[in-house]
Amino acid sequence: MKISGWGNYPVIDSQIVTPTTHAALSALIDASFQGIARGMGRSYGDSSLAPHTISMLSLNHLVSFNQKTGVIRCHAGILLADLLKVFAPQGWFLPVTPGTKFVTVGGAIASDVHGKNHHLHGSFCDHLQSFKLLLASGETVKCSKRENTELFHASCGGMGLTGIVKEATFKLKPVGSTYINEITIKTDNLAETLDLFEKSKNSTYSVAWIDCLSKGKGLGRSLLILGEHAEEGCYDIPDKSPLNIPFDIPNFILNPFTTGLFTQFYYHRILKKYSNRRNHYAPYFYPLDGIHHWNRIYGKQGFTQYQFVLPKESGLEGMNTILKRIAASNKGSFLSVLKAFGKGNKNLLSFPMEGYTLALDFKLYNGLFKLLDTLDQIVLDYGGRIYLAKDSRMSEKVFKQSYPNWEEFSRIRQKYGADKAFRSTQSERLGL
Amino acid sequence: MQKILIIGATSAIAEATAKLYAAQGDHLYLLARDENRLKSIVDDLKVRGAASVKSQQLDVNDQTARTKSIAQAIELMGNIDVALIAHGTLPNQELCQQEVELMQKELETNAISTLSILTLLANSMEKQKQGTIAVISSVAGDRGRQSNYVYGAAKGMVSIFLQGLRNRLVKSGVNVIDIKPGFVDTPMTADFKKGLLWAQPESIAQGIVNAINKGSEVVYLPWFWRYIMLIIKSIPEFIFKKLSL
C-alpha cells in the first residue's frame, strides 16, 4: 500500500499491519523485524515511513484515570482528539498540545511535540510520568526519569527508533472552562515581534502568524496571539463536523499571486493594534483541524514544512537573514508560524532549544530543495536545527552537525538492538 | 441509565457504539471472542464513564458456549434495553468457491450464529415487553454479486429473519432494527483501497444510536446507501448477470 506523511512527500510502498492487542504487537517483533511504528502519519516527511510499518491505531484504549490528580494512563495509539473529547468536558486539558489534535500519544512522544506554551511548560515528554517501551528483544520495559533513564531520554523525541511505546502515563491539567481568552497584537516588523514575545513571556500561550512575503521595513510583520484558559464559562465541545477537502487541488490554484493575496488579507483583516476575544479551545489550538485533508490544497506533488529553531542570542539577526532569503525567493508559504521557545530538555533528539522557531510550508517544486539547502546552511551557521517531525530532505551532514547528541543516541540504540529493528526512511537518510 | 448488551464487542463498529453508550453513563455487557482485546475495551469504557461494564469471552460458533453465555447475560442483566449483534467476518469469496467447508463455516459465523442468538434473545425480550434488538447486516445482503455472494447470502438471510422477527415482536413492544452499513474503514476491510464512499466506524456508530433512539426499522449507513442499493436492486437480472460487481 502507498503511504506518505502529512506533506504527501515522499510516497513509498509499505506493508502495514494493524495489531489489535499488545500480545499481537509483541508477536510482530521477532529477530527478523525491520520497520517502524506509525500513528496518524501526521509527521510531515518520512519519519513514519518504512517498507514495513506497524499501525498503532487499534491499540487506542484508556487504561485508567485519576479524577483527583488528573493522571491518565492510556495506550499509545489513542488520539489527543479522543482524550480531549472525553476529558475536556470534565475540566481537564492536555499539558502540552501541538497544532493538531489528530496525533497519537505515541507520535507525540516520538516527536516530543511542543505547543504554544513551550516557553513556560516545555514539550510533551516533560509531562510524562512513565511509559512502557517494547524493545527489539521483544521485552517490554518501563521508562521514566528514574527508571531506564537513558532509554527514556533517547525515546522521548527519538522518532520511534528505540522501540515501540505501548502505553503512557501523564498528567492532564485542570482548566476553568473550554474557552481561551485571546489577545491579538499586530506588529510592524520582526524586532517588534521578538520584543513582544519577550515581554509577554508570562502569558500561558503565545504564537505569531508571520507574513513571510513582506519585504523591507515590514519584514517579519506579524499577528502575535496570546492566550489564557478562561476561568469563567462552561465546558463544552463543539458539535460542528469538519469541512473536508475531498481531492488534491490542481497545481495552478496556489501561486505567488493567490498566496500574496491571502497573506495581505490575513494580516490586514485585523484593524486594531490590540484586539481581544473569547475563543473555544478547538479553533484556538487547532484552526486547521476544522478542514480535513487540508494538506490536499498543496496538490498531488505534496509539500514540505520547513521548521527550524535558532538560539536566542542569534535570533533577531538569524531570523532577519532567513526571512530576507525567503521573501526574495517569492516562494514563501501563506502562513508561517513563529514561536519563542523556553529552555530545551535532556532528550537526545528533541527539537526545542531556547530561542525562536519558525515553521513555513513550501509547495514542492523543482529547485525548492536547493533553496532549503541554503536555508539549512544559515540555520547551521547560527547554531540552530531543523525539526525531525517536519523533515523529509535534510542531509545526514546537516543533521549530525545540528544534533550533537546523535552519537549517544546511536550508542543507546545499538545497546538495545534497536538499530537493526526500528528503522524509517528518515533514519536511513540521516545515517542513524 | 440503559442496559446494553453487545455481541461481537471487539468489532470496530461495535466498539465505537459502546463508547457512545459509555459516555452516556449506561451499563454495558460485552461478548467477544478475543479475550485480550475485550479486557482492554472494558477498561477503556469504564474510564469513558460507563456505569458498569461486564464482559464474557465467547466464540459465537461454539453452540454450547453460545447458549450458556446468552442465558447468563440475560440473567445477570435482568432487563435488556438494547441488544446489538455486531460480530462477523468478511469471507474470502474465492476460497469459499473452492472449499465447501469454508463456505459453510462462513455461513455459520455470519448467519446461523446470529439467528441462534436472536432466537434466544427474542424469547427473553418478548417477555420483558420492551427494548430494541439491533443487528448489523450489510448492503451486501441486498443483492447477490459474484465478488462476495457468500457474505451477501449470509447477510441477506439475517435481514429476512429480522423482517419476520420484527413482525412477531412488534406486539410485545420490542423493536427490531436491521442496520446495513456500506463500506466502513475497519480492520476487517484493512486491505481495501479507500475512496469517497468509505465511512468511519464512529459515524456508523452514531447512526446506530440514532436509529435505536428513533425506533427505526431498516437503516442504511451512511444514508446514501439506501439510494445506491435501490438502483442496484432495480437493475434487471438479464443485465445484472453480465456486470462485474
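Predicted model: local features only at pLDDT ≥ 70, side-chain atom pairs only at ≥ 80, totals over all residues.
## Salt bridges

A salt bridge here is a side-chain nitrogen of Lys or Arg within 4 Å of a carboxyl oxygen of Asp or Glu.

Over all chains, the structure holds 33 salt bridges. Across the interface of chain B and chain A, the rule finds one.

## Interface of chain B and chain A

The interface brings 13 residues of chain B into contact with 16 residues of chain A. Between them the two chains bury about 1200 Å², and 53% of this area is on carbon and sulfur atoms. On the side of chain B, the residues that lose the most area to chain A are Arg37(B), Val47(B) and Arg48(B), which together account for 46% of what that side buries.

Arg48(B) also takes part in a salt bridge with Asp82(A), where the closest N and O atoms are 2.7 Å apart. Six residue pairs are in polar contact between chain B and chain A, counting pairs with both residues at pLDDT 80 or more. Two elements of chain B, α1 (12–23) and α2 (35–47), each give two or more residues to the side that touches chain A. Of the elements, α2(B) gives the most, with seven residues. By residue class, the side of chain B that touches chain A comprises seven charged, four nonpolar and two polar residues.

## Helix packing in chain A

Helix α9 (residues 315–329) and helix α10 (residues 368–381) of chain A have axes that come within 10 Å and cross at roughly 170 degrees. Angles over 145 degrees count as roughly antiparallel, so α9(A) is roughly antiparallel to α10(A).

From α9(A), the contact is made by Thr321(A), Ile322(A), Arg325(A), Ile326(A) and Ser329(A). From α10(A), the residues are Leu371(A), Thr374(A), Leu375(A), Ile378(A) and Val379(A). The residues of this contact divide into six nonpolar, three polar and one charged.

## Backbone geometry

Most residues other than glycine have a negative phi, and most peptide bonds are trans. The loop between β1 (2–4) and β2 (11–13) of chain A contains Pro10(A), and the peptide bond from Tyr9(A) to Pro10(A) is cis, with omega near -10 degrees. Asn8(A) is found in the loop between β1 and β2 of chain A. Phi of Asn8(A) is positive, near 60 degrees, in a residue other than glycine.

In chain B, the peptide bond from Leu221(B) to Pro222(B) is cis, with omega near -15 degrees. Pro222(B) lies in the loop between β7 (218–221) and α8 (225–234) of chain B.

Notes: Residues numbered from 1 in each chain as written. Chains lettered and ligands numbered in written order. Heavy atoms only, no water. Contact = heavy atoms within 4.5 Å. Buried area = accessible area lost by both parts, 1.4 Å probe. Polar contact = N/O pair within 3.5 Å; in protein donor to acceptor, adjacent residues only side chain to side chain. Helix = DSSP H or I, 4+ residues; strand = E, 2+ residues; numbered from the N terminus. Nonpolar A, V, L, I, M, F, W, Y, C, P; charged D, E, K, R; others polar. Axes fitted to C-alpha atoms, helices over the stretch in contact; angles between N-to-C directions. Parallel < 35°, antiparallel > 145°, perpendicular 65-115°, else oblique.
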